[in-house]
Amino acid sequence: MTLWESDRPIVAEKPVNAGGAKGPTGMQRDLRDRTAGHGTGAQFSTRLKSLTLRAGRSPKYRFISLMHLFTEDFLLACFGELKRNKAPGVDAVTVEEYEANLVVNIRGLVQRLVARQYRPQPTRRVYIPKPNGDKRPLGIPAVEDKIVQMACKLILEAVFEVDFLEVSYGFRSGRGAHDALDALDRIVMTRPVNYVVDADIERFFDEVSHDWLMRCLRQRIVDGAFLRLIARFLTAGVVSEGRKSATTAGTPQGSVLSPVLANVYLHYVLDLWFERKVKRQTRGEVHLTRYADDFVVCVQSGQEARRFMASLAERLGKFGLRLAAAKSRVIEFGRYQWAVARRKALRLATFDFLGFTHYCEQTRMGGFKLGRKTERKRLQRALVQMNEWLKSIRNRLRLRDWWPLLAAKVTGYYRYYGISGNMRSLDSYYQRVLRLAYNWINRRSQRRSCDWERFGRWLEKHPLPRPKTYRRYALLSGSVREEPNDRNGHVRFCEGAYNPKEVRYGFYSTT
């Protein structure tokens, strides 16, 4: 049985990268000094970089000793990375309370780690509402557990970052959601994409198999003490409504450690399988773009797209994961499908990815363009959150004191959703926020204290930031033109950005 036919994770086999230069993925990780403010910050930044260089030089190297990194200085630096305004865990100890006796607390923590006596506390579970009416479980670890998780996170990132592929963008240094959107834009605009596989893993963070996750970690780490520490975090249990329950699967959302563990898991389960097997067996082009557990696959052939969807469900099932049937589908999408739909007066399907609805759009010159607008659920959620915040703040502070906070919130929204082509959604958000602010200003007392004329004069002196495009996408494509059918009956379709040597007319058919 070959490696691809087995149930084992796919293990990367990369050439030796001497000297720590850019590897085959074209990326050299920027290990910034996360430990600023502590005297040994540069020292531990160097130690983490040394792990990355060792992993890059020897793709099959396994680290046998990592627990020696858990020193007082390192954990003090990790404490400095914690956010101060987060809710406490099951022990009700806040960051400020833990900091009051920080040196003694850290010294005792190191002693328990060295003696293998450290036991993570159960995670306090809370539920936050989802747009569809369901509730998403969120885990809140204790402060001390957050410190150790931060240390494990930095070590795991240093070890695995050189292995992660270019298709992965979520929770990685120097990468973000906009980079994933850039990559998707380049694929749709410059490659022969005719179909999009819009897949969704059902309850991914709740269904991750602990056994398979530990086997993935062992591809690079054989330090038993470190792996035992990770296993204790996974099985620490949760406390919900005063009752403790065991955790036999999943990584709690909200923990510091969860994102990097998810990346390691999907790296072996999905990314390597896609690059090493799917691409080799697929007729035509196929491209994956993944951000954490959200991903889309652009395919050239409809038959290959449907076959990939079936093989994806089978592959995920081997590792304890499932595709959400109601959210996973294959849709016609891309330049050629748009041209055919326009000629037949049809409308193509759309798909959502990273908070944006993606659709096929016509440029001013009549060409094809990948259009984006704010996902309707995300827009409604943002307005609901803004309404709740205005309700809570309207009488707590004076208007001139909370208005700058409102401006900062609106600007933060623009910085994420302010991409080219999304101005209409941004204008809608701006107008509705103004309406909400006006309504809550008039509900600070029993009588109406402001009319639109007075509110307009206030806006002249204290304007709310107007929508602004912070990220622009250049048109990567040439003009669209259709040529007569070839001898096989397929529509011959050419586009200026394609390499003529890569055009295969058969893959541009609608079959």
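Helices here are DSSP runs of H or I with at least four residues, strands are DSSP runs of E with at least two, and both are numbered from the N terminus. What I am showing this morning is a predicted model, in which local features need pLDDT of at least 70 and side-chain atom pairs count only at pLDDT 80 or more, while totals for chains, interfaces and linings use all residues. Residues are numbered from 1 along each chain as its sequence is written, and side-chain values use heavy atoms, with hydrogens and water left out.

Let me begin with the salt bridges, each of them a side-chain nitrogen of Lys or Arg within 4 Å of a carboxyl oxygen of Asp or Glu. By that rule the model holds 21 salt bridges, and I will go through a few of them.

In helix α5, which covers residues 143-160, K153 and E157 sit 4 residues apart, about one turn of the helix, and their side chains meet in a salt bridge with an N to O distance of 3.1 Å. Both K153 and E157 are buried, where buried means under 20% relative accessible area, exposed means over 50%, and partly exposed is what falls in between, computed with a 1.4 Å probe and protein chains only.

A second pair is D271 with R290, joined by a salt bridge at 2.7 Å from N to O. Because D271 lies in helix α10 (residues 258-281) and R290 in strand β6 (residues 286-291), this pair ties together parts that are 19 residues apart in sequence. D271 and R290 are both buried.

W273 and L312 are 39 residues apart in sequence, and their C-alpha atoms are 9.8 Å apart in space.

How many residues of helix α12 are buried? In this helix, residues 335-343, the count is 7 of 9, so that α12 is mostly covered; the buried residues include R335, Y336 and W338. Just after α12, A345 takes a positive phi of about 60°.

Next comes D198, in strand β3 (residues 195-200), which counts as buried because its relative accessibility is 10%. If we leave aside neighbours within four places in sequence, D198 is in contact, meaning heavy atoms within 4.5 Å, with V296, K327, S328, R329, F351 and D352.

K327 brings me to the surface, where R136, K327, K377 and R381 gather in a patch of positive charge. Patches are made of residues with over 30% relative accessible area and no salt bridge, with like charges joined within 9 Å and nonpolar side chains (Val, Leu, Ile, Met, Phe, Trp, Tyr) within 5 Å.

Notes
Areas by Shrake-Rupley, 256 points an atom, 1.4 Å probe, with all protein chains shown as cover. Lys, Arg positive; Asp, Glu negative; His and termini not counted. Charge placed at Lys NZ, Arg CZ, Asp CG, Glu CD.
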